[in-house]
Amino acid sequence: MPISPNINNGKNKNPFKFSLWWMYAIVFFVLGGILYFDNDTVNKEVLYSDFERYVEVDHGIRKIVVYPDKREVQGFLTDSLASVLFRGTNYASDRGVDATVTANIPSADQLTEKIDKWRESGAFTGDYKVENSGNFTHLIYGILPLVLMVVFWIYLMRRMSGGGSAGPGGGVFSVGKSKAMLFDKNNSDKVTFKDVAGLSEAKTEIEEIVEFLKNPDRYTNLGGKIPKGALLVGPPGTGKTLLAKAVAGEADVPFFSMSGSDFVEMFVGVGASRVRDLFRQAKEKAPCIVFIDEIDAVGRARSRNAGMGSNDERENTLNQLLTEMDGFGSNSGVIILAATNRADILDKALLRAGRFDRQIYVDLPDLPDRVAIFKVHLRKVKTAPDLDIDLLARQTPGFSGADIANVCNEAALIAARHNKEFVSKDDFSAAVDRIIGGLEKRSKITTDEEKRAIAIHEAGHATVSWHLRYANPLVKVTIVPRGKALGAAWYLPEERQITASDVLLDDICATLGGRAAEELFLNRVSTGAANDLERVTKQAYAMVVYYGMSDRLPNLCYYDSSGQDSIFTKPYSNERAKIIDEEVSRIINEQYERAKTILREHAEGHGRLADTLINREVIFTEDVITIFGPRKWASRTDEILKANESQTLPPPITDVEAAEVSSSVIDADADEKEQSESSKES
């Protein structure tokens, strides 16, 4: 078993660490000890005349101690006199506690003469001594309270100012301090570029920035200047933050990291103050890198109307950030990295040259990148010897790096659940199904009528998609409830850079196949197609409004990619809106009738497919081929499917032609409760 580099082999260089609480504990025990050992007397202050009466008349003093420096005398009482003077208190002679009285004296010499007379007359026969009162006990009693007050005040001020154990930015007076975490090259939890799979183009851009910090003369000798900032843009989970951590691990310079939300506070002026403090620290440690994660929290575009819900504090913070990044002040040696998945809402002043000179797009990984990502995440997973990583990459198109990491972890959990020694291909397939479709719910109670309706619906999708040229061919169909869906279908999509109108129309037609099958073979429709209708409506609307694929509204696009469009206005008239609605309805109706036509032509095959689903609950591509025969339109997708079955991969293909196995569910039915109620009503 490999030994972790963080283990110190039982040798701790600093076993004891000083803490301010040790001082408090020592003071507490010293004070408690003094009070304990000094608590063997009870005392009462009296007049000097009363003290003389106690000696001469009552004969109740057995010991006298004179303190000349304080001009004070202390007399130790006998039990009889003590019981009288301390009557009504908790004093008891059998406890071993001395009862004393103290009195102020005119002078020590006069008292000494007086004591000699008392001895001669027999009024006092006890011990007598003279001592100074400046002992350690009195010193503690006089100074200790003041010392404790000073120590407590210093501790309180340090806590309020964020010092000591409060941490940076943790106190009231440090609310305007930056909360950035500082990483250096000696950090134990280091991530390097070797830990970041894929993202070859993005890493090239980032490595150039790191190389400039390591060897600036290589660039400055030619008159070049390194970009002041780089913005990492991409969907969630693609590795933007991980790439920034790799920069921190590779660069031999200080690395400040913080989130955009750390600048925003409820107090006025705090955000701007933290921006100033961050850049002040960065300038002191230049050359260095400053990373701001989720910068859209503070860099959102400023409102045109100051009175319509704008956040003045956030805008002030953004203004200060713009000034620090490229103002009159010099920030030489300070490079800004930022990450966001919503670049369209960022302020344009933030994106201009001189602030974020480069925008590095971190896209979803393609096939080679997914292979590399799987290899990284499978380092610590005990996989079967015959596991094909290329096959896993082909089964997960559209997955981000975070999704792939989740697949590897889920597959390991599934294998452990079945007491396996290795994680096999079946475990990974089950993990992909679990992540996308949800958990299987075989215990879900469904009636025979509901089960038949679900089978006819799913068989309709499979039948229509199998007989359309550009529709994605079937991989697997199940009527076992999974997640919120009562049935699900997995298809084999092709990754395309551009999509033609015929592809979109075939996709709409295949999606409507389930609803068309219900109408044709059950003579009714149900709520099970709610998700299908939502998808086709959005897709048809996009074809008309965004892509200009309408016969009546060709070559028009009403989409504002800048994100500056207002929610209170629309870029077309009411007459144009009516035409858009008519075109969307026409596209959906035409494809719906087209789906019904295909189902009428292949009604017998559809019925056999539905019966197979009812009996077996799951069907695969082989079952569809047995019923309908091979597809008329061969594609690279079919080659990959055959290669998956034979465990041999086809020759390499280009990214545009790449067709990969997908576990994306394009038919997630409506909530099972609505489906059940509809079936019961029917």
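At 26% relative accessibility, does Arg586 count as buried, partly exposed or exposed? It counts as partly exposed, where buried means under 20% relative accessible area, exposed over 50%, and partly exposed in between (1.4 Å probe, protein chains only).

Before moving on, some housekeeping: this is a predicted model, where local features need pLDDT of at least 70 and side-chain atom pairs count only at pLDDT 80 or more, while totals for chains, interfaces and linings use all residues. Residues are numbered from 1 along each chain as its sequence is written, and side-chain values use heavy atoms, with hydrogens and water left out.

**Stop one: helix H21**

Now select the whole of H21, residues 574-601; helices (H or I, at least four residues) and strands (E, at least two) are DSSP runs, numbered from the N terminus. Its buried residues include Ile580, Val584, Ile587, Gln591 and Leu599. To see what covers them, show H17, H18, H19, H20 and H22, which are among the covering elements.

Pick Asp611 and Arg452, whose side chains meet in a salt bridge (3.9 Å, N to O). Asp611 lies in H22 and Arg452 in H17, so this pair ties together parts that are 159 residues apart in sequence. Asp611 is partly exposed at 38%, and so is Arg452 at 39%.

Jump to Glu324 and Lys283 for another salt bridge, again with 3.9 Å between the closest N and O atoms. Glu324 is in helix H11 (312-325) and Lys283 in helix H9 (270-284), so the pair links parts 41 residues apart in sequence. Glu324 is buried at 14%, whereas Lys283 is partly exposed at 38%.

**Stop three: Thr100**

Select Thr100 in strand E4 (residues 98-104). What does its relative accessible area come to? The value is 0%, so Thr100 is buried. Leaving aside neighbours within four places in sequence, Thr100 is in contact (heavy atoms within 4.5 Å) with residues including Val42, Lys44, Phe76, Leu77 and Phe86.

Key:
Salt bridge = Lys/Arg side-chain N within 4 Å of Asp/Glu carboxyl O.
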